Amino acid sequence: MSLTVAIVGSGLLGRMLGVQLDRAGYSVSLFDRDQKDGRGSCSYVAAGMLAPTCELDSSEAEIGEMGQRSLRQWPRFLEKLPSKVFFQEQGSLVVAHRLDRGELSLLQGRVRGRIHDESLIRNVSGKELGELEPDLEDRFSEGLFFPREGQVDNRGLLQVLTETILSRGLEWISGVAVDQISPGEISFGGEKRRFDWVVDCRGLGAKTDIPELRGVRGELIRVSAPEVSIRRPVRILHPRYSIYLVPRPENVVVIGATSIESEDLSPISIQSTMELLSAAYAVHPGFAEARVLETIVGCRPSFPDHRPRMYYQQGLMRLNGLYRHGFLIAPWVVEMACHALKQGEPSAEARELGLVF
Amino acid sequence: MRVAVHRPFTIGEVELKSRLLLGTAQYPSPDVMVRAIEASRCEVITVSLRRQNAAGGGGEGFWDIIRGLGLHVLPNTAGCRTVQEAITVANMGRELFDTSWVKLELIGDDYTLQPDPIALIEATKVLAEDGFEVLPYMTEDLVVARRLVDAGCRVLMPWGAPIGSGQGILNPYALRTLRSRLPDMTLLVDAGLGRPSQAAEAMEMGFDGILLNSAVALAQDPVLMAKAFSRAIEAGRQGFEAGLIPSREMGVPSTPTLGTPFWQQQAAGKEEGS
């Protein structure tokens, strides 16, 4: 008989892990306090950036390494899904206006200090920038190009994962909060159930068990911008913020994200709205006539060092605190989790990169 | 007027050993922030409330980390543009951290983040009246400084350069003037420093302390940079207390030539000639 696994929390990580474990022959049950559409998960809010090198601006080298390994795994993971998910690996750009050029060298210095492979980052002139993104020609005199970066459509992926899980016939109890998690057992709604393994993939919901977790508020705006044609994610630097413009199919551009030390989930503030939209407009005047489709707010589940953690004991594995790196590192974290369950201990690789806590 | 050289560094009634005050924004993670603060051995940390939804209690996770450090917290009104806004945020800080201290920051210009001197004086009057120990972030203007003293400030914090610009001391003349005309005030240089040497320079001028954030938080290694600034500030202070020699137009040999045996001079001459 196959081993039974309860996955508590079916955001991005819980869903991906559920699908992988099911493929590997485990009997998987998913539990989530949110609905199956995933709207309550912070992965629903994300921009789906896959920028392991650029992210080193504010992350330690290990996050970059997890991201590089994940980037190689994404195409393989997506290939096996029954429907297509928008995925792109054409690199990403970082630009700054003339007055803020100092920010470019600051970012460059920090990133270069954390990589060994010089081909991951390239200085580009205004002309080269125009060759990569014709719409940005003559708008910036220089920039940085990160050739091995990309993006994945976060919502598209959540939806296809939902379909996959349902069509494979996995048990999925949604809309019910799990009250207690212990090795081999969970309780919810007055009921107790036993499993061979319990895997905690919750976001901020895990705070009751791990008080160190805190939320970092992020706000995004989705716009429809037919007059703007950028092909790859562009990050604009300013002394006080750094904002991504992430182009999606059908003229949609995701503009984000703020980062505020708060667990407040109330709607976006005027100040953040102005910062995000003026950053976009400053990159391309075509945003003036764009239509605001939606503003979204979420809270990134974060540990004090902004690194993810795996807590491992017999019968209970926790995978929490992916911070703003969910899409960036999820495939690798899933691989590490599958390995730990299969081998009965976390891999040396997971320990080396500091995942195991 | 002379600045008393050997005197304790105090804010309000609190005597402090460290002359560095460190900001808590922009670090790669709270963990790095905590390690940088510890490495700096600072005793006062400043915390921005404006964008953290302090009113809703939403930032508890972060506030717990700040409180856990057990240091003096100086809440600041960063990002405020009006007197009323600053007063509201100052009150939030008092409630949240149980302190009467406030770093009063009132921005008058969005690009340079230059403080608005008029609103600053106005808000200081209200807050001082209400029992706050107001530490105003100000330009280097002497007359504004005097008005702030009249309004009840015991500490003044002129900028070195615009916040986060890392340009160092742009107007040494004005800062020296402030120092010499307000010899009894506690004066800190707040904002604009990018290098440890610039902090040392301000301390050599006789400033009582330095408030920093970006230069440490955005460094490649914030923990090491915190240590570097802490030492530079100590060195600058010691230099000031030790009494700097005046600069002179001409060279004065450190070893008196009088009594130098003639054969040494000859040898030196020969070497030069050969």
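Is B:Cys153 buried or exposed? At 4% relative accessibility, B:Cys153 counts as buried, a label that means under 20% relative accessible area, with exposed meaning over 50% and partly exposed lying in between (1.4 Å probe, protein chains only).

Some ground rules come before the rest. This is a predicted model, where local features need pLDDT of at least 70, side-chain atom pairs count only at pLDDT 80 or more, and totals for chains, interfaces and linings use all residues. Residues are numbered from 1 along each chain as its sequence is written, chains are lettered from A and ligands numbered from 1 in the order in which they are written, and side-chain values use heavy atoms, leaving out hydrogens and water.

Now to the cysteines. A search of the whole structure turns up 0 disulfides over all chains, a disulfide being a pair of cysteine sulfur atoms within 2.5 Å. Here are two cysteines to look at:

| Cysteine | Closest cysteine sulfur | Distance |
|---|---|---|
| A:Cys42 | A:Cys299 | 8.6 Å |
| B:Cys153 | B:Cys80 | 16 Å |

With 32% relative accessibility, A:Cys42 is partly exposed.

Next, the place where the chains meet. Chain A brings 26 residues to the contact and chain B brings 19 residues, where contact means heavy atoms within 4.5 Å. Between chain A and chain B, about 1,900 Å² is buried, and carbon and sulfur atoms give 47% of that area. Buried area is the accessible area (1.4 Å probe) that two parts lose on being put together, summed over both.
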